[in-house]
Amino acid sequence: MISESSWIVLKLLQNKGFEAYLVGGCVRDLLLRRTPKDFDVITTAKLKQIKKQFHRSQIVGRRFPICQVHVKGSIIEVSSFDTVAKQDEKKKPVLFSQMPTGCNKKDFVRWRNSLGRDFTINSLFYDPFVNEIYDYANGMRDLSLCEVIVYYFCYSKSSFTRILRGLRIAARLGLSFSKQTATAIRNLSLSVMYLDKGRLMMEVNYMLSYGAAETSLCLLRRFKILDILLPFHVSGLLCSLTPLGVVLQKLFSSMDKLLACDRPCHCSLWVALLAFHLALVNNPQNALVIWAFSSVLYHGNWREAVKFARESAQLHVKFVPEILEACGTTTDAALIEDVTHLASLVRSSIDALTDPLSLYESMTQYSSFQCHGLVFISKMVGQNAAGLFDVLVSDIESFNNERESFEIDYELLGIGDKNEIRFVLGKVIMDAMSSRVTQEQHQQAVEEHHLPLSYFKKQLRVVKKKSFLPDEFDLKQHQDALKRVHDCKPVSKVVKQLRAVKERSILPEEFNLELKQDELKENDYKPELTNLEVQREPDKKGKCNQSVSNPEQQQQEVVREEVKCRKPLSSLFM
């Protein structure tokens with residue numbers, strides 16, 4: 001779906017007689033049915049001409065100037081073919097022998113611009129007014145494979161910024177690298193050290209704040225770049241069976257489930273998560289302390305937090321060596337002291353992420369691991385992250401920030417509101433802890449909003465009294481079944497949507513709707529019972545039981561059959 005603000009920019013430029021296209025990653029994401037992080041526009045108008053067309057616009061950038069247009073609360077970056085052509089002339093002359101045959105003047109302008117793009121899948125131009133995509137680098141072919149990201153031209157030391165950008169694209173879209181590209185990344189991995197710290201922080205933030213942090217970190221580890229960016233975290237994973245270690249992987253996996261391209265977080269959240277993990281590596285904690293620490297961040301109230309923590313600590317959580325077995329005999333006074341101490345450890349651990357000297361001191365225990373001393377997180381960002389834990393260090397008992405709703409406010413999260421970041425940080429840690437709960441103990445596990453178990457027992461009693469449910473009905477299994485049914489759309493509805501999208505969108509003509517329909521049928525949900533009248537199977541004597549005629553019994557039978565054909569909710573925590 002093309003954003004309203006980008007439509008406004010495109011229409012205005014076209015009405016003034018200029019050619020205007022969507023270009024780059026937004027076209028790629030639209031083709032993959034992903035939500036674009038942003039929309040970039042390129043036009044035949046010059047930058048000064050672009051600026052004259054919009055009241056709220058400004059030209060920014062020295063090496064590669066663009067015009068930022070403010071429309072409907074969004075910023076659309078508009079570049080000019082003329083500016084790109086002048087930049088390319090400085091780099092190298094155009095070889096007309098490489099130009100595709102049959103190019104007219106417009107094709108030549110677009111083709112010349114595509115030569116300067118970083119990846120073939122980012123060199124696509126889309127004209128929404130005629131519903132056409134212009135591809136001069138076989139980007140559609142590479143995109144259809146969903147496996148290969150190809151650099152349009154070979155790496156040089158001046159283009160190593162594309163390493164992180166390529167990893168970010170691969171992580172978010174689930175693509176892999178060609179052998180040539182993978183070799184180039186390995187050969188230039190050390191070049192990341194020479195990136196501007198601000199640019200490096202921006203690229204890492206794009207990786208971790210938009211819902212693809214876990215896969216991004218795994219790719220960084222695979223190509224030995226994480227060893228440079230986060231040496232302390234990697235040094236503690238040398239004996240781990242997973243690329244990121246169980247705790248770090250679960251933390252960022254839980255965070256990814258809450259974020260997306262259109263719902264990013266402020267960088268303080270992932271900086272705080274890194275500091276939290278670093279503190280656990282240096283000082284392993286009791287599971288009860290972790291539950292209380294995360295719960296007070298989430299609930300915003302110490303009394304509610306400690307009650308929830310003691311209930312949750314009864315569950316068996318395996319996070320060796322960072323998290324130890326819970327000790328249920330800890331008094332409230334001792335628990336307050338332990339949580340306060342953990343908060344101070346997390347706050348002090350941020351120094352190793354922002355100060356080179358502190359990083360070298362932390363790495364002394366890993367003398368065999370090479371530390372490059374690279375620090376890319378600014379002290380200001382570190383101070384903002386450290387401020388999240390001040391309320392836990394000063395007076396945790398008086399901390400009171402109870403919420404009216406347990407829904408995430410993504411607008412506040414994106415701008416760095418501390419109360420919202422604390423809430424999400426607590427939820428992420430609790431979700432990570434809950435993911436290690438054993439199946440046998442799932443009946444005591446925390447539900448979606450991490451409310452006390454007594455709340456759900458009370459609700460179950462109310463439901464049984466007011467409804468037709470039998471006493472032996474398992475409410476949690478039925479909730480799981482209903483969630484699956486609710487999330488599943490009938491094949492006919494999805495196919496109808498695809499047909500409508502193909503008529504007015506950027507789907508290529510060769511998109512096989514019938515093949516997609518067959519794939520959807522395989523995963524389509526078909527209820528076992530579609531009629532109110534339920535015919536029973538013959539009994540052992542060969543006689544058929546009579547159909548159910550009582551409406552109340554009919555509803556009971558439908559529910560029982562739905563529950564039987566669904567996996568228990570506990571299987572989701574495996």
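**Sheet, helix packing and selected residues in the predicted model**

Strands E2 and E5 pair in the parallel sense over four bridges, pairing being taken to require at least two bridges found by DSSP between two strands. Within this pair, Thr-43 has Ser-80 of E5 as its bridge partner. The structure is a predicted model, in which local features need pLDDT of at least 70 and side-chain atom pairs count only at pLDDT 80 or more, while totals for chains, interfaces and linings use all residues. Residues are numbered from 1 along each chain as its sequence is written, and side-chain values use heavy atoms, with hydrogens and water left out.

The protein has 28 helices and nine strands; these are DSSP runs numbered from the N terminus, with at least four residues of H or I for a helix and at least two of E for a strand. Of its 574 residues, 48% count as buried. Here buried means under 20% relative accessible area, exposed means over 50%, and partly exposed lies in between, with a 1.4 Å probe and protein chains only. Among contacts with a separation of 6 or more, 69% are accounted for by residues 24 or more positions apart, a contact being heavy atoms within 4.5 Å.

Seven strands form an open sheet with mixed pairing, in the order E3-E4-E5-E2-E1-E6-E7. Strands E3 (57–60) and E7 (132–135) stand at the edges with a single partner strand each, so one side of each has no neighbour in the sheet. On average, neighbouring strands of this sheet are turned by 30° against each other, direction ignored. Strand E1 (residues 20–23) pairs with strand E2 (residues 40–43) in the antiparallel sense over three bridges, and Tyr-21 stands opposite Ile-42 in E2. Helix H1 (residues 4–15) packs on the sheet, where it touches E1, E2, strand E4 (66–71) and strand E5 (74–80). The direction of H1 makes about 35° with that of E5; angles run from 0 to 180 degrees between N-to-C directions, and axes are lines fitted to C-alpha atoms, for helices over the stretch in contact. Helix H5 (residues 105–114) lies across E1, E2, strand E6 (124–127) and E7, and runs at about 140° to E6.

E4 and E5 pair in the antiparallel sense over five bridges, and the bridge partner of Val-69 in E5 is Ile-76. Their hairpin has two residues between the strands. Lys-72, found in the loop between E4 and E5, has a positive phi of about 50° although it is not a glycine. Lys-72 counts as exposed because its relative accessibility is 62%. Asn-138, in the loop between E7 and helix H6 (139–145), likewise has a positive phi, near 60°, in a residue other than glycine. Its relative accessibility is 42%, and Asn-138 therefore counts as partly exposed.

Two packed helices are described by the angle between their axes and the distance between the axes. The axes of helix H15 (residues 287–299) and helix H23 (residues 418–434) come within 7 Å and cross at roughly 145°. By class, the contact of H15 with H23 has 11 nonpolar, four polar and two charged residues. In this classification Ala, Val, Leu, Ile, Met, Phe, Trp, Tyr, Cys and Pro are nonpolar, Asp, Glu, Lys and Arg are charged, and the others, Gly among them, are polar.

Ser-295 of H15 is buried because its relative accessibility is 0%. A polar atom of its side chain lies 3.3 Å from the backbone oxygen of Ala-305. Beyond neighbours within four places in sequence, Ser-295 is in contact with Gly-300, Glu-304, Ala-305, Phe-308 and Met-430. In helix H23, Leu-425 is buried, with a relative accessible area of 1%. Not counting residues up to four places away in sequence, Leu-425 touches Leu-269, Ala-272, Leu-273, Leu-297 and Phe-389. The C-alpha atoms of Leu-425 and Trp-270 are separated by 8.7 Å, with the two residues 155 apart along the chain.

Ile-408 is found in the loop between helix H21 (390–394) and helix H22 (410–415) and, at 16% relative accessibility, counts as buried. Leaving aside neighbours within four places in sequence, Ile-408 has contacts with Leu-258, Leu-413, Glu-420, Phe-423 and Val-424. The C-alpha atoms of Ile-408 and Glu-420, 12 residues apart along the chain, are separated by 7.5 Å.

Conventions. Polar contact = N/O pair within 3.5 Å; in protein donor to acceptor, adjacent residues only side chain to side chain.
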